[in-house]
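Subject: Structure for your attention

Dear colleague,

Please find below the structure that I am handing over to you. I would ask you to look through it first and then to read the notes that follow.

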Amino acid sequence: MLAANQVETFHRNGFLNGGSVLSIAEVEKLRAEVDRVLAIGSKGFERRKRKPVLITNLVDSAEGSRIFWQIVNIWEASESFRRLLYHPFIVAAIARLANTDELTIWHDQLLYKPPRTGGVTCWHQDAPLWPIIRPMTPVSAWIALDDADVDNGCMWMTPGSHTWGNQIEFLRTQSHIRQVSEFGRLEGFTPPPGARIRTVTPVSCPVKCGEVSFHHSLTWHGAPVNFSDRPRRAIAIHYMTGDARFVASGHHVMKPYVSLQDGEPMSRAGSNFPRVMEAGKVMRIGDRQ
Ligand SMILES: O=C(O)CCC(=O)C(=O)O
């Protein structure tokens, strides 16, 4: 269970390292699953088998030959990743940080920056990129499958930024920032009066292999290129609280999988969105949904 001072740190900064949640044997199994799924590729899955929603290189053409693999809903093709959705410590911690007792999976994202060629994650906030759910999902878990540090492209976060509202348009003006030497220099933004933290001071957030890091969906975050000889693999899991509803007017890669009318609760969105906590109880794989 998270300690009270960890919860306080999360609410002040908008992010928190929650400590170790996976053994090295568990990490190795997940890494092998990443290799297996990437080797099959988006076109290689048998027609009737469940497969990830998306396998793509996130790098834009400005970055040339760089690579940043994103697999959305790797859990649909991998029992080991599916089990991770129900990790009791992670689910309970998300519920505590989001102050809820109902949690449904929004989607997962395997994020892989290969050695030397791994591309940038530009500065962004998550919630503005998720326009088909309201209210926004408050907290995500990011679990490192390698030691992530400043050399191989660990995430950077801006303390207090989760209290500054939707600033995605400002962050889009910072998309030229790619190298680790630039990542601490976000310029041209003044936090709103009355915010508890009123300076823009991005910090690097190293996460050890097997540890979980939590971030709020309005926290400014990003990760520079990987210039080391080591891979940087991680799995992000994004959740929805019980009050999340479907917004039919928005666009998102998960939208074709939502079988709801506008305004209906996302907890009933269908089998691509498993329930992981009900009435404060962490669910188990196979529990009736
Ligand atoms: O792993 C990364 O570089 C980015 C992760 C991210 O943006 C997220 O988990 O919300």
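Where in the chain is the place of Ser 228? The model is a predicted one, and in it Ser 228 sits in the loop that lies between β11 (221–223) and β12 (232–241). Is Ser 228 buried or exposed? Its relative accessible area is 7%, so Ser 228 is buried. If residues up to four places away in sequence are not counted, Ser 228 touches Pro 115, Arg 116, Asp 151 and Asn 152.

The sheet that contains β11

Strand β11 belongs to an open sheet of four strands, whose order is β5-β11-β8-β9 and whose pairing is antiparallel. At the edges are β5 (121–124) and β9 (203–204), each of which pairs on one side only. Two bridges link β5 with β11, and these strands run antiparallel. Thr 121 has Ala 223 in β11 as its bridge partner.

The ligand

How many residues surround the ligand? There are 14, and the closest are Thr 121, His 124, Trp 142, His 221 and Arg 232. For His 124, an N or O atom of the side chain is 3.0 Å from an oxygen atom of the ligand. Asp 126 has a polar side-chain atom that lies 3.0 Å from an oxygen atom of the ligand. For His 221, a polar side-chain atom likewise lies 3.0 Å from an oxygen atom of the ligand.

Helix α2

Helix α2 covers residues 24–40, which makes 17 residues. From its first C-alpha to its last it reaches 24 Å, close to the 24 Å expected at 1.5 Å a residue. Which residues of α2 are buried? They are Val 27, Leu 30, Arg 31, Glu 33, Val 34 and Val 37. These residues are on the same side of α2, because they cover an arc of only 155 degrees around the axis.

On the face of α2 turned away from its buried side are the exposed residues Ala 25 and Ala 39. After α2 comes Gly 41, which has a positive phi, near 80 degrees.

Opposite Leu 54 stands Val 72 in β3. Strand β3 is also joined to β4 by four bridges, again running antiparallel, and Val 72 stands opposite Gln 109 in β4.

Strand β4 also holds Thr 104. With a relative accessible area of 4%, Thr 104 is buried. What is Thr 104 in contact with, leaving aside its neighbours within four places in sequence? The residues are Tyr 239, Met 240, Met 266, Ser 267, Phe 273, Pro 274, Arg 275 and Val 276. One of these is Ser 267: it is 163 residues from Thr 104 along the chain, and the C-alpha atoms of Thr 104 and Ser 267 are separated by 6.0 Å.

Backbone points to check

Most residues other than glycine have a negative phi, and most peptide bonds are trans. The following residues deserve a look with that in mind.

- Asn 73 is not a glycine, although its phi is positive, about 60 degrees. Asn 73 is placed in the loop between β3 and α3, and it is buried, with a relative accessible area of 0%.
- Asn 99 is not a glycine either, and its phi is positive, about 55 degrees. Asn 99 is found in the loop between α4 and β4, and its relative accessibility of 71% means that Asn 99 counts as exposed.
- Pro 135 is placed in the loop between β6 (133–134) and β7 (139–144).

Yours sincerely,

A colleague

Note on methods. Residues numbered from 1 in each chain as written. Predicted model: local features only at pLDDT ≥ 70, side-chain atom pairs only at ≥ 80, totals over all residues. Heavy atoms only, no water. Buried < 20%, exposed > 50% of the residue type's maximum accessible area, 1.4 Å probe, protein only. Contact = heavy atoms within 4.5 Å. Expected span 1.5 Å × (residues − 1). Arc of directions from axis to C-beta. Pairing = 2+ DSSP bridges. Near = heavy atom within 4 Å. Polar contact = N/O pair within 3.5 Å; in protein donor to acceptor, adjacent residues only side chain to side chain.
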